[in-house]
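Subject: Structure for your review

Dear colleague,

Please find below the structure that I am handing over to you. My findings follow directly after it.

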Amino acid sequence: MEKSIKKYFPIFVLPTLAAFTIGFIVPFIMGIYLSFCEFTTVQDAKFVGIRNYLNIFSDSTFVHSLGFTALFTVVSVVTINFFGFTIAMLLTKGIKGTNIFRTVFFMPNLIGGIVLGYIWQLLLNGILLQFDRTLTYSGAYGFWGLIILMNWQQIGYMMIIYIAGIQNIPGELIEAAKIDGAKPSQILRHVTIPMVMPSITICTFLTLTNSFKLFDQNLALTAGEPSNKSEMLALNIFNTFYTRNGWEGVGQAKAVVFFLLVALIAITQNWLTRSKEVQQ
Amino acid sequence: MSSVRKAKHGWILSIIFTLISLLYVYPVFLVLLNSFKKKVYISKRPFELPVGEKMFVGLENYIGGIEKTNFLAAFATSLFITVLSVLVIVVCTSMTAWYITRVKNVMTSGIYYLCLFSMIVPFQMVMFTLSKLADMLRLNTPWGLIIVYLGFGAGLAVFMFCGFVKSIPLEIEEAAMIDGCTPIQTYFSIVFPILKPTCITVAILQAMWIWNDYLLPYLTLDLKRFRTIPIAVQYLKGGFGSIDMGAMMATLVLAIIPIIVFYLVCQKYIIEGVVSGAVKG
């Protein structure tokens with residue numbers, strides 16, 4: 001059978017492979033190469049070695065955005081997963097209206113980042129107006145604004161995944177723990193959490209990468225104001241490319257560093273939580 | 001005794017969650033409220049109801065918003081790109097996934113690992129080069145964008161389809177081939193129908209991404225001719241010195257309505273899609 005399928009390569013694989021080459025492989029390789037070049041368009045690239053990489057860290061906006069992004073990621077991963085898991089626990093107790101609550105909590109996920117950013121800009125600026133401040137008063141306002149926005153958007157998504165995980169726990173397991181006299185907190189710690197570890201792996205992975213790569217919400221809510229103080233990595237890279245003349249090479253080098261960081265986070269996280277999962 | 005306590009708890013929880021739910025929809029409600037307010041009052045008094053002749057402007061903001069953003073054209077562009085890209089992605093990548101799972105050689109496993117690899121590469125990494133390449137190849141139209149989306153979305157989709165194809169028993173396909181089906185007939189009459197649940201999952205995840213995507217179309221499309229909804233919204237801020245808050249509120253409402261309608265109609269599929277997508281991703 002394999003043989004007869006094999007000659008159909010042009011029909012089955014070629015369209016995807018061609019698009020994949022244009023949309024990913026070529027830009028990726030070109031991107032690596034250009035990070036070692038000085039250029040304004042692709043055609044005038046001149047090889048300059050690792051100079052772009054050395055310039056990255058003398059750029060204080062990059063260092064600031066790296067710190068901002070790292071802190072933002074930690075806070076948002078912890079809060080989103082805490083609230084997502086808690087709500088999932090409460091919504092699996094069979095209370096009245098569970099379906100409606102689930103529908104409402106999930107809804108913000110479908111709204112795009114740009115639209116979300118402007119919705120929250122209106123609300124948060126309205127509240128801050130009472131204190132004569134705005135979101136762009138200082139970097140801290142932008143930081144907490146983004147945390148609230150991301151929680152509002154992502155709690156529902158994680159809740160859905162946690163609910164599926166909790167519902168997969170065999171009922172006998174909880175019953176057996178109860179008969180053995182386990183308190184609810186003990187059941188949570190020794191039965192529920194170990195059993196939903198696969199969901200925790202996925203949710204921390206998704207929140208980690210979503211938060212670290214955040215762009216649209218950042219652009220719409222504060223656009224990095226005031227003076228790049230609320231600027232995250234993705235936006236910093238974008239601004240380096242498109243608002244600073246002659247910095248394209250540095251922008252591409254930043255993008256490579258950004259990619260390496262994302263890859264490192266993804267691989268480490270996967271390895272760490274997978275090792276904690278129970279074999280079923 | 002314990003069941004009585006549980007019921008009492010349930011009521012309290014239901015009430016608490018009702019309050020939280022109201023709080024949850026409040027931001028969207030606030031935008032809706034302000035879309036009927038005279039624009040000078042939106043930033044100054046966002047929490048007041050748009051009542052009285054001074055505040056209430058009827059559909060004025062909507063008319064202004066639709067004109068300024070050319071919203072109907074943006075909506076059509078977004079819909080065209082999303083629907084066609086999702087269709088193309090589902091058909092092409094599922095075919096690819098079947099082929100590279102069934103035919104085992106260095107190249108097919110190379111493609112598989114490249115797809116896996118592409119999933120951890122952030123868009124910023126290829127942002128500049130991809131937009132320049134798309135420009136050179138004249139892919140700066142909605143049609144061209146479909147190719148770009150197929151290319152950039154292929155990684156996740158191929159990976160998810162491969163996971164499912166592995167679980168399909170070979171015997172069914174072999175029987176069809178012995179009966180004289182060509183691989184194409186076998187694929188479309190036997191394999192593709194079996195893949196339907198995964199198709200829905202992939203379609204939902206890709207549609208959520210493409211409909212809301214801002215940066216890729218912003219950098220690739222010829223913005224003088226084509227705009228998607230997120231670009232139109234962002235343009236309101238960039239295009240006119242000070243933001244016309246009235247037009248902004250109206251456009252935000254118009255951008256949210258189709259999503260909520262779609263969500264309420266397809267809720268079951270969306271939630272199932274997210275859950276099974278998460279298990280495989």
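How many residues of chain B are in contact with chain A? The count is 69 residues of chain B, in contact with 69 residues of chain A, where two residues are in contact if their C-beta atoms, placed from the backbone, lie within 7 Å. On the side of chain B that touches chain A, the largest share is the 13 residues from helix α1 (residues 2-34) of chain B. Helices here are DSSP runs (H or I, at least four residues) and strands likewise (E, at least two), numbered from the N terminus. By class, this side of chain B has 50 nonpolar, 15 polar and 4 charged residues. Ala, Val, Leu, Ile, Met, Phe, Trp, Tyr, Cys and Pro count as nonpolar, Asp, Glu, Lys and Arg as charged, and the others, Gly among them, as polar.

Some conventions apply throughout. This is a predicted model, in which local features need pLDDT of at least 70 and side-chain atom pairs count only at pLDDT 80 or more, while totals for chains, interfaces and linings use all residues. Residues are numbered from 1 along each chain as its sequence is written, and chains are lettered from A and ligands numbered from 1 in the order in which they are written.

Chain A

Chain A contains 14 helices and 2 strands. Its C-alpha trace spans about 75 × 75 × 30 Å along the principal axes. Of its 280 residues, 44% are buried; a residue is buried if 20 or more other C-beta atoms, placed from the backbone, lie within 10 Å of its own, exposed if 12 or fewer, and partly exposed in between. Among contacts in chain A between residues at least 6 apart in sequence, those joining residues at least 24 apart make up 75%.

The chain is divided into domain 1 (2-51) and domain 2 (59-274), with bounds from an automatic or database domain assignment. The C-alpha centres of these two domains of chain A are 32 Å apart. Their contact takes 9 residues from domain 1 and 7 residues from domain 2. On the domain 1 side, α3 (14-34) and β1 (37-38) of chain A each supply at least two residues, and α3(A) gives the largest share, 3 residues. That side divides into 5 nonpolar, 3 polar and 1 charged.

Helix α9 (residues 171-179) of chain A is hardly covered, with 0 buried residues among its 9. A:Gly181 follows α9(A) and has a positive phi, near 85 degrees.

Chain B

Chain B has 14 helices and 0 strands. Its radius of gyration is 24 Å, whereas a compact globule of 281 residues would have one near 19 Å; the radius is taken over C-alpha atoms, and the globule rule is 2.2 Å times the number of residues to the power 0.38. The C-alpha trace of chain B spans about 75 × 70 × 35 Å along its principal axes, and 45% of the 281 residues count as buried.

The axes of helix α4 (residues 60-69) and helix α5 (residues 71-102) of chain B come within 6 Å and cross at roughly 60 degrees. Axes are lines fitted to C-alpha atoms, for helices over the stretch in contact, and angles run from 0 to 180 degrees between N-to-C directions. α4(B) and α5(B) are therefore oblique to each other: angles under 35 degrees count as roughly parallel, over 145 as roughly antiparallel, 65 to 115 as roughly perpendicular and the rest as oblique. B:Gly65, B:Ile66 and B:Thr69 of α4(B) make the contact with B:Phe71, B:Leu72 and B:Ala74 of α5(B).

Kind regards
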